[in-house]
Amino acid sequence: MRSYRFKAKYGELINDLIKDYEEETNSPYIIGPDAVCLLELLCEKMELSPGMRILDMGCGAGFTSIILAKEFGVTVFANDLWFSASDNYKRFVKAGIENQVYPMRADARALPYADGFFDAAVSIDAYHYFGTDECYFGNHYARLVKPGGQFGMVLPALTREFEHGLPDGLVPLWEPDMYAWHSADWWSRMWQKTNLVDVRCAEEISGGKALWNATADHELHEADTENYLTLMRLTAIKR
């Protein structure tokens, strides 16, 4: 498996913040695929530079927002519905980037931002929770980024769609929310047909299954004998 520069550079900070979270909540921090690695994989396909305004959509505890600010010198609006904006702000203060990252708590269908406000919008392991509705991108999300701006996301995905239902081995472990996982081609076609963006990259991540299995859903991956599960990344430019 490849090495990840963001893990080496920011891993100690993120681990400290996770420890704080677990002590404050008296509960474990539940992770899926490693968001730090996913962010690096996405940023390899984007062009981010100091001074940009970035929406980090579904930022969770804000770890990806912290890295974006530190690594690229951008201003980040860290938007999540489930995590407290006040708690995220405390993490941003501890990370020393409270003047670059603004914590927000808003529903994906009631975002308070002006049209064309952002230079880019990214989503790490989150967009599938709200974006599979084919009307969502055009009605709610695309408007947020200025013409020529960038979109990017990394998600749990499928190598190909289930054409004949779930494989038998996955049935006992499958949860309803997992039907939001789709192939890179599925996502690419849904965004491209809106005529609002030009998709630049839509691909399965090499070694994605192993990267995902390294931190989460081990039983599910063991049952995936037909290799449906993977990770994907997608980037697009606003027309």
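Predicted model: local features only at pLDDT ≥ 70, side-chain atom pairs only at ≥ 80, totals over all residues.
**Entry 1: strand β4 and its neighbours**

I began with strand β4, residues 118-124, and found it mostly covered, since seven of its seven residues are buried. I then looked up its pairing partners. Strand β1, residues 53-57, runs parallel to β4 and is joined to it by three bridges; within that pairing I noted that Asp-56 has Val-122 as its bridge partner in β4. Strand β5, residues 145-158, also runs parallel to β4, and here I counted six bridges. In this second pairing Phe-118 stands opposite Val-145 of β5. I followed the chain from β4 to β5 and saw that it passes through helix α5, residues 136-141, in a β-α-β crossover that is right-handed.

**Entry 2: aromatic pairs**

My search of the whole structure for aromatic pairs returned 30 of them. I took up the pair of Phe-77 and Tyr-113, whose ring centres are 5.9 Å apart and whose planes meet at 80 degrees, and I recorded it as edge-to-face because that angle is over 60 degrees.

I looked next at Phe-162 and Trp-174, an edge-to-face pair with 5.6 Å from centre to centre and 80 degrees between the planes. Both residues lie in the loop between β5 and α6, so this pair ties together parts that are twelve residues apart in sequence. Trp-174 is buried, with 11% relative accessible area.

I also traced a cluster that is linked by ring pairs, and its members are Tyr-127, Phe-130, Tyr-136, Phe-137, Tyr-141, Phe-151, Trp-186, Trp-187 and Trp-191.

**Entry 3: arginines over rings**

I checked where charged ends sit over aromatic rings. That of Arg-53 sits over the ring of Phe-117, at 4.0 Å from the ring centre, and that of Arg-160 sits over the ring of Tyr-228, at 3.7 Å from the centre.

**Entry 4: Arg-233**

I turned to Arg-233, which is found in strand β7, residues 229-238. I classed this arginine as buried, because its relative accessibility is 11% and the cut-off for buried is under 20%. Which polar atoms does its side chain meet? A polar atom of the Arg-233 side chain lies 2.7 Å from the backbone oxygen of Leu-41, and a polar contact of 3.4 Å joins the side chain of Arg-233 to that of Glu-44. When I listed what Arg-233 touches, leaving out residues up to four places away in sequence, I found among them Lys-45, Met-153, Val-154, Cys-201 and Ile-205.

I recorded Asn-227 as partly exposed, because its 44% relative accessibility falls between the limits of 20% and 50%.

Conventions: Residues numbered from 1 in each chain as written. Heavy atoms only, no water. Buried < 20%, exposed > 50% of the residue type's maximum accessible area, 1.4 Å probe, protein only. Helix = DSSP H or I, 4+ residues; strand = E, 2+ residues; numbered from the N terminus. Pairing = 2+ DSSP bridges. Right-handed = clockwise from strand over helix to strand, strands pointing away. Phe/Tyr/Trp six-rings, centres within 6.5 Å; stacked < 30°, edge-to-face > 60°. Lys NZ or Arg CZ within 6 Å of the ring centre and 35° of its normal. Polar contact = N/O pair within 3.5 Å; in protein donor to acceptor, adjacent residues only side chain to side chain. Contact = heavy atoms within 4.5 Å.
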